[in-house]
2 protein chains.
Amino acid sequence: MVFMDTKHIQLAHGGGGQLTAELIEQVVLPTLGADVSAQDPQALTDAAYLALPEGAAGGRLALTTDSYVVQPLEFPGADIGKLAVCGTVNDLAVSGAVPLGMTLALVLEEGLEIEVLRRMLQSAAKAAKAAGVRVVTGDTKVVERGGVAGMIINTAGVGVVSPRAKLGFAGIRTGDRIVLSGALGEHGLAVMCQRKGLAMRAELASDCASLNALCRDLIDALGESVRFMRDPTRGGLAATVVDVAQSSRHDVELDEPAIPVNRTARAASEMLGLDLLTVANEGKLVAIMASEVADQAVAIMRKHEIASRAAVVGTIGQKNSDPLVELITDIGGRRVVQMPYGEELPRIC
Amino acid sequence: MVFMDTKHIQLAHGGGGQLTAELIEQVVLPTLGADVSAQDPQALTDAAYLALPEGAAGGRLALTTDSYVVQPLEFPGADIGKLAVCGTVNDLAVSGAVPLGMTLALVLEEGLEIEVLRRMLQSAAKAAKAAGVRVVTGDTKVVERGGVAGMIINTAGVGVVSPRAKLGFAGIRTGDRIVLSGALGEHGLAVMCQRKGLAMRAELASDCASLNALCRDLIDALGESVRFMRDPTRGGLAATVVDVAQSSRHDVELDEPAIPVNRTARAASEMLGLDLLTVANEGKLVAIMASEVADQAVAIMRKHEIASRAAVVGTIGQKNSDPLVELITDIGGRRVVQMPYGEELPRIC
């Protein structure tokens, strides 16, 4: 009789044998909410089957993936489980796609508390339910102690692209407006404060949220007047806007007084010496809109709680083969916004 | 002027800024063979777009994912790059799907030689080309030294399921035959020998290969007479066959003398104290076939170089609520085959 530690992940949980099956059937699937017994017997085989909706004929799919290495695993407002679901949902959403299904692959560290795994999966399940997306297949690997820090999650998602979506850098025109769905930097700062043990006077929580309802409403109402959408994650608003400028070959002007900022986030960014424009967000949307619908886009966004502070924050300027992004500052000065070089914030997502 | 180490991965390569863009544009995309300039401007945004083939209307998609944590990264016959592509191609293939596109997500260790990354990506690209599959999107994260061992790769794939494929445990019938495409255990043993510095007299190389052409030929020729397919990876043939027995509620008999084995693999497995039935394969197919087409399936398989030793190795027995898998041994004895409990071989794929 061998003593079995049933509270921690063991290397054998990743071996593909009985222990792997037990972990998946007793922890992963019930927590994710998959009702295996009710599913087709193919449910636990190598791939998940997804029925293509009727309207998908002749259409396009969107396919996306991200790995999540955030440290610590849990922080105010979210955790790696919620982040992994929202991140992939958002990449599909900003591509104009309605999610069909997503994958969730775990790389677990030997010795990880199974209770922590369960908590992360519960959080992932809750986020998936809120977004109306199903986790349909996955993978579980275990590496030796120290091989990863607790866990790494990878998610991938596939969706059907709305025929009304005509998104891409190519559609961006001089005079288009940049709409931002809310205040900047809360995800990156919440993770950093947690990591460094900084307590802020007021609560600072990650903005991690799914943007698919928001994006769908914009596309449904405004169609091809929505030129381009992106969620400004790593590199923040700065990286997104500089990429828009360089890829569309247009100058861009950002209007600093119009950019929503949360007071606690501003204080935290000053304390940590970070530029809010470059800090990661996980529940914000940058949308480039035809100017005549920009106010309408703001109104549509503001109906969503996560975008109650949506605002027009900038304008697409002239064509330029060497485009420039400028921030018109609060005091009327001009500052060039550059692509962040590297990253002051490793393991932020 | 800061000294820049251009030969090794830095944390800043994962920041989502300029260095990330350079790594992707100068190393990842050219190596994977993506001709960015020729692509639609959406190419580098959050998701890849895939056109749905005409015949897909009203059909099904297959979606799959796997993470690869193999150590060492390179071993005789393959490496983590090739493995990551073949693994996902194979999961789609055994599901009866023709791949539409796949993702490739990297988690890199700070300090990793960029030359090693390039080699792994070249290998992935070569495997994708050989399988006729496109890597259409990805992700790059960097973690601090010691955060992972060199790199972890996750791939996910989406494919359109052939309307001729009627695969699943539910279709398995008493009298069906089990066809195996070739010799067992070469992947797991090649990795273990490399890891432990064991040199075998004759070469022992991983069998890592893409099975999509093989699976497509079987489905095209034999349709619903192909009941079920799986690539016996972690847990080997034993795990696959026990899963078939338990999920279909049928006894299974394996015929040991019929199971192809490579002599060097047998020697290595004896030296390492491993049961060849439980060792991982990465280029082998287990197919459950209606008995009347089993010989035809073997003939179809043998036309493929990777399946030149295909053979009928077992039979599906009676319905049984507590099914038993038995191996009829070389000397005519009977041995019960069990689901491997854990895994003697961590980080094998």
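**View 1. B:Arg249 sits in a loop of chain B.** Specifically, B:Arg249 is placed between α6 (236-248) and β10 of chain B. Helices (H or I, at least four residues) and strands (E, at least two) are DSSP runs, numbered from the N terminus. The model is predicted: local features need pLDDT of at least 70, side-chain atom pairs count only at pLDDT 80 or more, and totals for chains, interfaces and linings use all residues. Residues are numbered from 1 along each chain as its sequence is written, chains are lettered from A and ligands numbered from 1 in the order in which they are written, and side-chain values use heavy atoms, with hydrogens and water left out. B:Arg249 has a positive phi, near 60°, and is not a glycine. Its relative accessible area is 43%, so B:Arg249 is partly exposed. Buried means under 20% relative accessible area, exposed over 50%, partly exposed in between (1.4 Å probe, protein chains only).

**View 2. A:Arg347 also has a positive phi.** The angle is about 55°, and the residue is not a glycine. A:Arg347 belongs to the segment after β14 (334-336) of chain A. The relative accessibility of A:Arg347 is 6%, so the residue counts as buried.

**View 3. Chain A as a whole.** Chain A contains 8 helices and 14 strands. Its radius of gyration is 21 Å, close to the 20 Å of the globule rule for 349 residues, so chain A is as compact as a globular protein of that length. The radius is taken over C-alpha atoms, and the rule is 2.2 Å times the number of residues to the power 0.38. The C-alpha trace spans about 75 × 50 × 35 Å along its principal axes. Of the 349 residues in chain A, 62% are buried. Among contacts with a separation of 6 or more in chain A, 86% link residues 24 or more positions apart. Contact means heavy atoms within 4.5 Å.

**View 4. A:Tyr68 is buried in strand β2 of chain A.** The strand covers residues 60-68. The relative accessible area of A:Tyr68 is 2%. A:Ala84 is 16 residues from A:Tyr68 in sequence, and the two C-alpha atoms are 6.3 Å apart. Setting aside neighbours within four places in sequence, the contacts of A:Tyr68 include A:Ile80, A:Leu83, A:Ala84, A:Ile152, A:Ile153 and A:Cys349.

**View 5. A cis peptide bond in each of chains A and B.** In chain A the bond joins A:Gln71 and A:Pro72, with omega about -5°. A:Pro72 is in the loop between β2 and β3 (74-75) of chain A. In chain B the bond joins B:Gln71 and B:Pro72, with omega about -5°. B:Pro72 is in the loop between β2 (60-68) and β3 (74-75) of chain B.

**View 6. B:Val148 touches residues of both chains.** B:Val148 lies in the loop between β6 (135-143) and β7 (151-161) of chain B. With a relative accessible area of 2%, B:Val148 is buried. Beyond its neighbours within four places in sequence, B:Val148 contacts A:Gly147, A:Val148 and A:Ile152 in chain A, along with B:Val107, B:Leu108, B:Glu109 and B:Val143 in chain B. B:Val107 is 41 residues from B:Val148 in sequence, with the C-alpha atoms 7.7 Å apart.

**View 7. The buried side of α7 in chain B.** Helix α7 of chain B runs over residues 263-272, and B:Thr264, B:Ala265, B:Ala268 and B:Ser269 are buried there. They cover an arc of only 135° around the axis, so they lie on the same side of α7(B). The arc is that of the directions from the helix axis to the C-beta atoms. An α-helix has 3.6 residues a turn, so residues three or four places apart point the same way. B:Arg263 and B:Glu270 are exposed, on the face turned away from the buried side of α7(B). The cover over the buried residues includes α4 (186-196) of chain B.

**View 8. Helix α7 in chain A.** Within residues 263-272, A:Thr264, A:Ala265, A:Ala268 and A:Ser269 are buried. Their arc around the axis is only 135°, which puts them on the same side of α7(A). A:Arg263 and A:Glu270 are exposed on the other side of α7(A). The buried residues of α7(A) pack against α4 (186-196) of chain A.

**View 9. B:Asp255 in strand β10 of chain B.** The strand covers residues 250-255. B:Asp255 is partly exposed, at a relative accessible area of 34%. Leaving out neighbours within four places in sequence, B:Asp255 is in contact with B:Val313, B:Gly314 and B:Ile328. B:Arg334 is 79 residues from B:Asp255 in sequence, and their C-alpha atoms are 9.7 Å apart.
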